[in-house]
Amino acid sequence: MTRMVEEEHAYDVVVIGAGPVGENVVDRVRAAGLSAAIVEGELIGGECSYWACMPSKALLRPVLARSDARKVAGLRKAVYGPLDAMEVFAHRDSVVGNWKDDGQVDWLDSIGVRVFRGHGRLRGPRRVEVAGPEGELHLLTARHAVALCTGTRALLPELPGLPEAHPWTSREATSSDRVPERLVVVGGGVVGVEMATAWQALGAKVTLLVRGRGLLPRMEPFLGEHVADALALRGADVRTGVSVSAVVRDGGTGPVTVVLEGGDHVEGDEVLFATGRRPRTEDVGLETVGLTPGSWLDVDDSLRVTGSDWLYAVGDVNHRALMTHQGKYQARIAGAAIAARAHGDAPADTGRWGAHAATADRAALPQVVFSDPEAAAVGLTLAAAERAGHRVRAVDVDLRQVAGADLYAQGYRGHARMVVDLDREVVLGAAFVGPGIGELLHSATVAVAGEVPIARLWHAVPAYPTLSEAWLRLLEAYRG
């Protein structure tokens, strides 16, 4: 039976959702001297810590390390054998704390944040109710702000037979402790590509089904082409331009048949649907403040919900940039904005690149795909820059021209692109594909976010012989 807590709890800020985004919001407001409470119905640390970023990269790290080692003279024979899947799984489990959140709770306690376990939902302006695990009901009041940081969950298409087939989503794909003999992956975005990479290397026969023309459709086309070629070379069956019409799995166990439009079909032992995300806003009380349950939430650049002076939507729920690092960036911006408005010392600095404006969401959004080879990009693609009306030029370099590439891996194959605004002569975007190029991305991000003139980049000398010499080759190609 639900029992009402007689005394309401009042805080300056209440955050619903204790993933990395929510944790960063409370960290920033506490640093500014505000009191804060955080509400979570699952594990403190959220999707990224237990079912996304951390476990997926734990699965992928040995895959990429072995692949790189096999391209180094004198080393390839030492790493010729298969991966030890059980050891990889054990390391993955350690990385996620064996799905226990004690450390995260201890950290929140150390910075003076009250943790409420249970399902949190709005109950009108500045009020939150928490249905606790023991049937208790806590009523929280926020003096200054409530931040919704509830993230997203996997979006499954409405297909005949799919619910009964018990498909994998990203959660099952990152937490399974068994390698399926045959894995069908539906979706060519980041999750589909990374999980196809990981499970193929762990021993599964992978079929990757993509509705569009190529992989990684939001990035420069050549990135997806390189990744698709590499997957196929390692034995994956990569099919583009195909659509799934039904899924059949008798009794919900055993082999699964994925039926394609046109009548063809693919059989597997598991099927992973990586076909998008939807916001976790269907049961957070949006209707009590005039908003639509289940919707993405529109926000301004300080992450405040449109039309509200107290409600913030931070991270994936606002659909600006569905990436953990960008959600944490938004959290830092939102936390600073909440504190500035609470203290009232000066107006919030919400101009472009201001202290309280998430400008990078649109201008300098970085992303690394931990495929084999890695793919990375920041800022605008060539097509996006042209659509935005910029007068631009794309400069391309084959990374085999870089001395450090051949030292990194024999037979190195990779490509780099820089998109330049010809009117201002600054970099609007950059993209890389190849082994080890994820570590090149932050230099590109600094160039794009800092709007560093091309003339000044000539004075940023890359060390020889490293992969960073890609920057020198791009600048040389631009000057001609």
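## Contacts of F432

Two residues are taken to be in contact when heavy atoms of each lie within 4.5 Å. In this predicted model, and with neighbours within four places in sequence left aside, F432 is in contact with L223, E374, A375, A376, H415, A416, I437, L440, A444, W471 and L474.

## Nonpolar cores

The largest nonpolar core has 81 residues, and F432 is one of those that touch the most other members, together with L122, V146, V314 and M418. Apart from this core lies another, of 37 residues, which includes L83, V193, A375 and V433. A375, listed in that other core, is also among the contacts of F432.

## Helix α3

Helix α3 runs over residues 53-69, and its 17 residues reach 24 Å from the first C-alpha to the last, which is close to the 24 Å expected at 1.5 Å a residue.

L60 is itself buried, as are P55, S56, A58, L59, V63, L64, R66, S67, D68 and A69 of α3. The buried residues of this helix pack against the helices α2 (46-51), α4 (85-95), α7 (170-175), α8 (190-201) and α13 (403-408), and against the strand β19 (374-379).

## The second largest pocket

About 610 Å³ of space lies in the second largest pocket, whose lining is made of 26 residues, with S67, K71, A230, R234 and D372 nearest its centre. Two or more lining residues come from each of α3, α8, β10 (205-210) and α9 (221-233), and α9 gives the largest share, five residues.

Notes
Residues numbered from 1 in each chain as written. Predicted model: local features only at pLDDT ≥ 70, side-chain atom pairs only at ≥ 80, totals over all residues. Heavy atoms only, no water. Helix = DSSP H or I, 4+ residues; strand = E, 2+ residues; numbered from the N terminus. Expected span 1.5 Å × (residues − 1). Buried < 20%, exposed > 50% of the residue type's maximum accessible area, 1.4 Å probe, protein only. Core = buried A, V, L, I, M, F, W, Y, C linked by side-chain atoms within 4.5 Å. 1 Å grid on protein atoms, 1.4 Å probe; cavity = no way out; pocket = protein on both sides within 12 Å on 5 of 7 lines; lining within 4 Å. Points joined across faces, edges and corners; volume = space filled by probe spheres on them.
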